Amino acid sequence: MKLRFGLLPVFVVTLALFLVGCTGDWATWGNGLERHGENTSETELAPSNVASLQEKWAVDLSGVVNSAPILAHNIDVNGTRMDLLYTGSENGVFYAVSTNGAIVWSRTLGSVSIACPFFPAGDHGVTASAVFDSTRNRVYAVSGDGFVYALDASDGTVVPGWPIPLTSTPTREVVWSAPTLVGDHLYYEIASHCDTRPYHGRIVDIDPQTHSIMHTFYVTGSADGPDGGGIWGWGGVSVDPADGDVYVATGNSFATPENSPYADSVVRLSSSLAVKTFHTPTLGIRDDDFGSTPVLFQKDGCPRQLIAMQKNGSLYLYDRDSLADGPRQRIDFSKSNLIGVVAYSSATEMVYAVNGKGSTNGSYIQGVAAFRFDAGCKLQLAWQTPLPVLGGTAPSVANGVVYVAGGSSNKVYALRATTGEMLWDSGASVAGRAVAQPIVVDGRLYAGAYDNKLHAWGL
């Protein structure tokens, strides 16, 4: 389907898409449809004071936390207005937590226990982050047994007509990625547990008003196509606020070659999930997934671009409007099994990426790297800071500071965004692996971890 709008409808649609992310809430993974990971509204935490962060509270969620929290302001809870964090744990329970660390409500959504060793004890519950729907006062979350729930943001009751089943085989298919909500589209992605076949990677488009599935995009062509095509990026799909187009980076199919027809590719689709264009890089390794979400941005003086990580260790920089022509730039950033999502700051006009292994050629080290843009709108290394980080994480950036979950280092770090100077780490306050994207809102830093807790740090 090709989008056709006159001048006035384009303006209206663009404004409606923009308003999704301008409330001051961190309402969705990456704090925007573009998945940039930046909070441009943050003013309290800065390079000058972030070293003074102290843990304010840590609330036990009774299970491993992979779900990055979101935050909504001014929710009416029994007549009292409060700011709430929403997140889940791998025991299958979804929580609303006040910004003072009290559990306001919780709801058991469901989980499965299988021999797929992604998480401790093999429990797979609420892995994906949630998204807040301010128009309807709802939070959308997905369970480990394959159902999408619409929950009242104030008290956690299930909205009539929900949940909606996404899969009938939750021991093989899983929602790893965060949902993306824009207008009357709620996009979810399907991946798999340890590539256990049969499964079919896909994007599902749900109409929140009618609570029905409207469109589906299959990575391997159709529901009867080859197995595979799982979609793994933490941030789910990204959406261009200007036109509503959907961007996704996909995993391998079980076909010959493994990257056909849309596997191991970056794909641009219409809002109704019709393929508009795509690019498939040359395979670098077997099982050459994009374990990433495309991050959309436009630096001043450059075309509209995106960046995605591929499992072979490459960072790909594409011009969005000439995607099929291939990347403007490919960087050999890491050894294989590069998984994660970059962040982009409009304030510094820099890209931030976590490297869990360092590169084969020695140009890049284990740690965090920042890239600036040259006159040709290509990336050049600005700085890199060595850190004992684990791949698979996604940084965030706010008011001159980059925040990174350190994986198996059991820490969260804060670095100066312009130079990479280490400013702060969480010390011994986190007692387990931290992989979920940290968020920064109103002078507080929040992150979940494998110690079963959601942590909050402040001044």
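Predicted model: local features only at pLDDT ≥ 70, side-chain atom pairs only at ≥ 80, totals over all residues.
Isoleucine 70 stands opposite tyrosine 86 in strand E3. Strand E2 and strand E3, the latter spanning residues 80-88, pair in the antiparallel sense over 6 bridges. Both strands belong to an open sheet of 4 strands, arranged in the order E2-E3-E4-E5 with antiparallel pairing. Strand E2 (70-77) and strand E5 (103-108) stand at the edges of this sheet; each has a single partner strand, so one side of each is left without a neighbour in the sheet. From one strand to the next, the twist averages 30°.

Asparagine 74 is placed in strand E2. Although asparagine 74 is not a glycine, its phi is positive, at about 60°. The background to this remark is that most residues other than glycine have a negative phi.

Strands E26 and E27 run antiparallel and are joined by 5 bridges. Within this pairing, asparagine 355 has glycine 367 of E27 as its bridge partner. On the E28 side, E27 and strand E28 (residues 379-386) pair in the antiparallel sense over 7 bridges, and here phenylalanine 371 has leucine 381 in E28 as its bridge partner. The hairpin of E27 and E28 has 5 residues between the strands, and in this hairpin cysteine 377 takes a positive phi near 60°.

How many of the 7 residues of E27 are buried? The count is 6 of the 7, so E27 is largely enclosed by the rest of the structure.

The nonpolar cores come next. The largest nonpolar core has 33 residues, and those with the most contacts inside it are Ile307, Leu315, Phe333, Val342, Val351, Phe371 and Leu379. The largest share, 3 residues, comes from E27. Leucine 315 illustrates the contacts made in this part of the model: leaving aside neighbours within four places in sequence, leucine 315 is in contact with Ile307, Ala308, Met309, Gln329, Arg330, Ile331, Phe333, Val342 and Phe371. A second, separate core of 19 residues includes Ala27, Val77, Phe94 and Ala141.

Glycine 30 is found in the loop between helix H1 (7-19) and strand E1 (54-60). Is glycine 30 buried or exposed? Its relative accessible area is 0%, and glycine 30 is therefore buried, the limit being under 20%. Not counting residues up to four places away in sequence, glycine 30 touches Arg35, His36, Gly37, Glu38 and Gln437. The C-alpha atoms of glycine 30 and tryptophan 234 are separated by 9.3 Å, while the two residues lie 204 residues apart along the chain.

Asparagine 252 lies in the loop between strand E18 (246-249) and strand E19 (266-269). Its relative accessibility is 6%, so asparagine 252 counts as buried. Leaving aside neighbours within four places in sequence, the residues in contact with asparagine 252 are Asp195, Tyr199, Gly228, Gly229, Gly230, Glu258, Ala263, Asp264, Asp287 and Asp289.

The loop between E18 and E19 also holds proline 261. A cis peptide bond joins serine 260 to proline 261, with omega about -15°. Another cis bond runs from tryptophan 162 to proline 163, with omega near 5°. Proline 163 lies in the loop between strand E10 (147-152) and strand E11 (164-165).

Cysteine 194 is not a glycine, yet its phi is about 55°. Cysteine 194 lies in the loop between strand E14 (185-192) and strand E15 (202-207), and with 36% relative accessibility it counts as partly exposed.

Methods
Residues numbered from 1 in each chain as written. Heavy atoms only, no water. Helix = DSSP H or I, 4+ residues; strand = E, 2+ residues; numbered from the N terminus. Buried < 20%, exposed > 50% of the residue type's maximum accessible area, 1.4 Å probe, protein only. Contact = heavy atoms within 4.5 Å. Core = buried A, V, L, I, M, F, W, Y, C linked by side-chain atoms within 4.5 Å. Pairing = 2+ DSSP bridges. Axes fitted to C-alpha atoms, helices over the stretch in contact; angles between N-to-C directions.
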